[in-house]
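Please look over the sequence and the model below. The report that follows takes up a few selected places, one heading at a time.

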Amino acid sequence: MTRYAAALATLLTLGAPAAAQDLTITNARIIGPDATVIERGSIVVKGGRIVSVAAGAPSTRGGTTIDAKGMTAMPGFIDAHRHFNTGPDEKAQMQAQLEAGYTTLLSGGGPAEGNITLRDRIDSGQLNGPRIIPSGALRLAQHTPESARAEIQKMAKMGVKFTGEISLTPVPGPTAQEMDVLRAVVDEGKKAGVMVQVHAVSTPAMMAAVRAGVPLLVHLPNKDWTSQEDARELAKAGTKVLATIGFGAPVFGVFADDNKPRFRDGKDWPQSIVGGVRLGEEAGYMPVNARTVWDAGGILGYCTDTTYDPKAGLEHELKSFNMMFSMKDMIRIMGPNTASYLGMSDQLGTLEAGKLADIILLDGDPLEGYWNWLKTRVVVKGGKVVIDKR
């Protein structure tokens with residue numbers, strides 16, 4: 001066998017990329033931008049993109065027709081901070097993500113090589129899974145400004161467009177050394193086209209990041225209250241932040257069916273909450289801070305930051321959001337706001353002509369309550385039906 005033939009045979013065994021389908025979805029309740037609703041509408045998809053979204057029957061049809069029979073069509077869910085990597089359980093983990101309704105995931109941290117491997121296995125058709133956006137790890141304490149700049153350039157050469165979460169000391173706040181390195185990272189990120197994500201879980205750390213020009217924050221503060229003044233400064237700076245609103249709220253029925261409150265790692269709540277705890281007040285800080293940032297005009301996006309079951313994580317986050325936000329707010333937070341966080345507003349987050357055909361069909365009306373967001377039956381990613389549980 002020639003070298004070329006051997007290489008071709010290897011490529012063929014890897015499987016071809018999942019091909020986009022031409023689709024027509026009919027008889028769907030369609031959730032549009034700003035939570036507008038079409039009660040009986042149709043969506044036409046060609047070449048992996050949405051061609052039309054309209055009331056009534058489509059003027060033209062393409063490819064396979066899916067009769068939604070009154071189910072609700074929404075944009076595929078985006079988790080903009082989820083910890084995952086390639087590994088022995090990746091097939092089941094990625095399948096579970098799709099079944100929960102997720103079509104796009106941004107890695108919460110490195111190693112970037114593992115993120116890239118997982119992305120490539122999904123893109124090549126070896127695995128059924130969401131769209132994977134890799135990130136690269138960077139720890140400020142391990143770098144000088146010069147070595148950190150080199151690390152950003154290394155990520156850029158690998159095609160990695162996001163750093164993983166870069167931690168800042170929360171209490172009493174970031175050190176001068178951390179900030180010197182962070183400013184170099186932000187500057188180099190702008191030059192190299194790498195978006196910098198920072199883990200700042202106190203208001204002093206958050207505001208230090210904002211003043212250093214950090215574009216993306218993967219958490220709201222969970223150590224203290226954020227003032228309206230600080231929230232307005234964040235909003236004015238244009239820094240986007242993921243809520244991770246369920247961080248401090250106890251989890252029930254995920255790790256064991258014993259009705260005991262647990263932290264998201266399965267350990268006792270509130271004793272095991274990361275970073276020290278008194279009474280579990282993190283469960284209050286994050287929802288209130290989310291509302292403060294939202295009311296100040298901040299761009300608040302969605303993530304889970306968990307490693308456990310995707311559907312359980314989705315339910316936990318939505319229940320926590322439900323204390324402070326309406327379902328109409330959630331349409332915006334989980335759709336266009338999270339797409340904006342990724343820099344993909346022109347591709348994802350709403351069902352509109354020209355965007356990628358990432359569509360989920362749910363039983364029930366999501367504007368009625370968060371419980372209907374847990375009833376995904378059909379998932380379309382980039383124009384291809386990847387889950388069908390009708």
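## A buried threonine

T239 is found in the loop that runs between α7 and β12 (240-242), where helices (H or I, at least four residues) and strands (E, at least two) are DSSP runs numbered from the N terminus. With a relative accessibility of 4%, T239 counts as buried, a word that stands for under 20% relative accessible area, while exposed stands for over 50% and partly exposed for values in between (1.4 Å probe, protein chains only). Leaving aside residues up to four places away in sequence, T239 touches V210, V214, P215, L216, L217 and L234, contact meaning heavy atoms within 4.5 Å. The C-alpha atoms of T239 and V214 are 6.8 Å apart, although 25 residues separate the two along the chain.

## Basis of the model

This is a predicted model, in which local features need pLDDT of at least 70 and side-chain atom pairs count only at pLDDT 80 or more, whereas totals for chains, interfaces and linings use all residues. Residues are numbered from 1 along each chain as its sequence is written, and side-chain values use heavy atoms, with hydrogens and water left out.

## Salt bridges

There are 19 salt bridges, each being a side-chain nitrogen of Lys or Arg within 4 Å of a carboxyl oxygen of Asp or Glu. In one of them E90 pairs with R121, with the closest N and O atoms 2.8 Å apart; E90 belongs to helix α2 (residues 90-100) and R121 to helix α3 (residues 112-123), 31 residues apart. E90 counts as buried at 8% relative accessibility, whereas R121 counts as partly exposed at 29%.
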